[in-house]
Amino acid sequence: TDLPKPSTWIPLKPSTWIPLKPKNSLENLQLILLNRPQSSETCARASPLSIFMEPFQWLQMLSSQLNPTFIFGVVVVYGLSQGFSGSFFKVVTDFYWKDVQKVQPSAVQLYIGLYYIPWVMKPIWGLLTDVFPVRGYKRRPYFLVAGVLGCVSALMVATLGKVPIAVALSCLIGITAGVAIADVTIDACIAKNSIEIRSLAPDMQSLCGICSSLGALIGYSSSGFFASLVLLAVPPTILIVLGFVIYEVRSTTLQSEKKKDLQIALRGMSKTIKLPQVWKPSLYMYLSLALSISTHEGQFYWYTYPKAGPAFSQEFVGMIYAVGALASIAGVLIYQKTLKDYPFRSLLLYAQLLYGMTGMLDVIFFLRWNLVIGIPDYFFVIMEECVSRIISRIRWIPMIVLSTRLCPLGIEGTFFALLMCIDSLGSLSSKWGGGIVLHLFHVTRTDFTNLWLAILIRNFLRFATIGLIFLVPKGDQEDDLIPPDILTANSDASLDDDGLELAPVKETSEEARLLLDEENSLKLK
């Protein structure tokens with residue numbers, strides 16, 4: 001505070017904390033420079049090149065404050081394993097059940113619900129990663145397990161050809177199990193970093209969303225032309241590589257201490273989930289997913305059936321989803337640029353309202369009202385996909401950020417997995433509920449007379465979810481939502497896995513001034 005403040009001095013936010021690496025002054029100075037706010041005059045002079053470089057600077061900032069191999073892990077898991085593999089899996093298996101196995105849409109909805117079983121088991125995977133290290137490592141071995149399981153399952157279903165439904169379903173569930181194990185492992189890292197560096201929690205979720213959307217774009221674009229399931233073995237192979245390269249400090253926990261760690265984890269989970277500020281938003285997240293019943297398979301069968309719907313080809317279906325993936329990226333950018341500072345309740349209220357409104361576009365499309373007003377099917381369905389993807393992404397990211405805010409440090413992997421298990425139960429309920437509705441309304445492979453009624457019921461339930469918004473906390477996205485003693489009771493660590501130490505910015509003002517003076521002298525030269 002006693003330093004001189006020349007005209008070129010740009011002060012940092014007083015409340016900002018930057019993770020510093022001990023005995024690394026140069027990197028600390030770079031962190032301070034990256035985190036200082038920009039003046040309005042500087043922003044006004046932003047050139048197209050600086051706008052183009054902004055995403056790369058953002059990635060550089062994340063890599064400097066987090067570990068680069070962690071960023072690589074997010075790209076692999078969210079970009080390849082979930083984004084590419086998930087999108088390719090969705091299109092190829094939809095046609096597989098329809099054209100190869102020739103299953104009714106209501107039955108497919110039930111089968112797809114079984115895909116969520118590995119996701120419902122996420123607390124088990126999370127518990128293993130938190131309290132059962134293998135040779136001292138909590139994360140690496142589980143990336144290897146996920147990769148091997150996914151690779152073997154994908155190769156089996158791709159090479160065996162047409163098999164009994166039970167065998168095919170087992171292989172497909174094996175693929176989703178590999179994705180789920182990798183997801184819970186990287187989510188444990190994300191939850192830990194979100195707790196220790198709160199200001200970066202929205203940025204980490206934005207990175208996950210962008211990677212997922214880019215991977216989905218590639219997966220959907222290729223699914224219409226490369227229908228072979230063998231491509232699903234590629235992401236698990238890279239997961240195996242990730243298991244060898246991701247940075248992790250080896251744990252020194254003795255075998256005799258694992259039982260004690262397990263008891264602490266279970267006690268911490270029980271204590272945390274009983275808090276009203278935890279179970280209420282968890283209940284909302286479940287109901288918001290479960291009540292929005294899925295009618296996807298009925299719609300998919302309809303718009304690929306030549307005698308009833310618009311008869312879209314597999315290539316065009318892939319293109320529709322690819323454009324939707326681009327729209328998802330737009331949704332992430334909208335959230336990152338304009339919505340990440342809004343309170344949880346307000347943001348989710350308006351997102352849910354828009355979510356219900358966009359669902360009415362499906363009714364308009366099925367009743368072919370778009371043709372009455374002169375809008376072609378191909379244009380309308382792409383427009384509808386873009387709008388729904390943007391709203392869905394804006395609705396989903398705040399719920400994930402909220403979930404990270406509810407995790408106590410020390411069992412963050414297990415508890416975050418528990419919250420994601422609740423979300424998976426919501427998705428499973430949505431699929432099975434939609435399958436039951438399709439069956440009750442007699443929607444089959446060739447009869448779609450009552451499909452519009454099923455979609456209308458789905459939209460009504462989406463609007464009804466708004467009445468539950470009181471379960472969501474009013475706090476901002478950077479607020480602590482659980483008591484501090486819960487956060488600290490489960491962890492004795494003061495340093496994270498990367499050796500980063502949190503230090504207030506004011507303690508580094510001398511280094512900041514020196515770096516800024518050097519920068520200004522270079523500009524004068």
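**Figure 1. The buried residues of helix H5.** In helix H5 (residues 105-115), the buried residues are Pro105, Ser106, Val108, Gln109, Ile112, Gly113 and Tyr115. These residues lie on the same side of H5, because they cover an arc of only 155 degrees around the axis. As you look at this and the following views, please keep in mind that the model is predicted.

**Figure 2. Helix H5 packed with helix H9.** Two packed helices are described by the angle between their axes and the distance between the axes. Here H5 and helix H9 (residues 165-196) pack at an angle of about 40 degrees, and their axes are 9 Å apart. That angle makes H5 oblique to H9. The crossing in which H5 passes H9 is right-handed.

Figure 3. Setting aside its neighbours within four places in sequence, leucine 262 is in contact with Leu127, Val131 and Phe132. Another residue to look for is isoleucine 411, 149 residues away from leucine 262 along the chain. The C-alpha atoms of leucine 262 and isoleucine 411 are separated by 9.7 Å.

Figure 4. The cysteine sulfur closest to that of cysteine 208 belongs to cysteine 211. These two sulfurs are 7.0 Å apart, so they are too far from each other for a bond; a disulfide needs the sulfur atoms within 2.5 Å. By this rule, the count of disulfides comes to zero.

**Figure 5. The chain as a whole.** After the close-ups, here is the setting they come from. The chain has 22 helices and two strands. Of its 525 residues, 52% count as buried. Consider the contacts between residues at least 6 apart in sequence: 87% of them join residues at least 24 apart.

Methods:
Residues are numbered from 1 along each chain as its sequence is written. This is a predicted model: local features need pLDDT of at least 70, side-chain atom pairs count only at pLDDT 80 or more; totals for chains, interfaces and linings use all residues. Side-chain values use heavy atoms; hydrogens and water are left out. Contact means heavy atoms within 4.5 Å. Buried means under 20% relative accessible area, exposed over 50%, partly exposed in between (1.4 Å probe, protein chains only). Helices (H or I, at least four residues) and strands (E, at least two) are DSSP runs, numbered from the N terminus. The arc is that of the directions from the helix axis to the C-beta atoms. Axes are lines fitted to C-alpha atoms, for helices over the stretch in contact, and angles run from 0 to 180 degrees between N-to-C directions. Angles under 35 degrees count as roughly parallel, over 145 as roughly antiparallel, 65 to 115 as roughly perpendicular and the rest as oblique. A crossing is left-handed if the near helix is turned anticlockwise from the far one by less than a right angle, and right-handed if clockwise.
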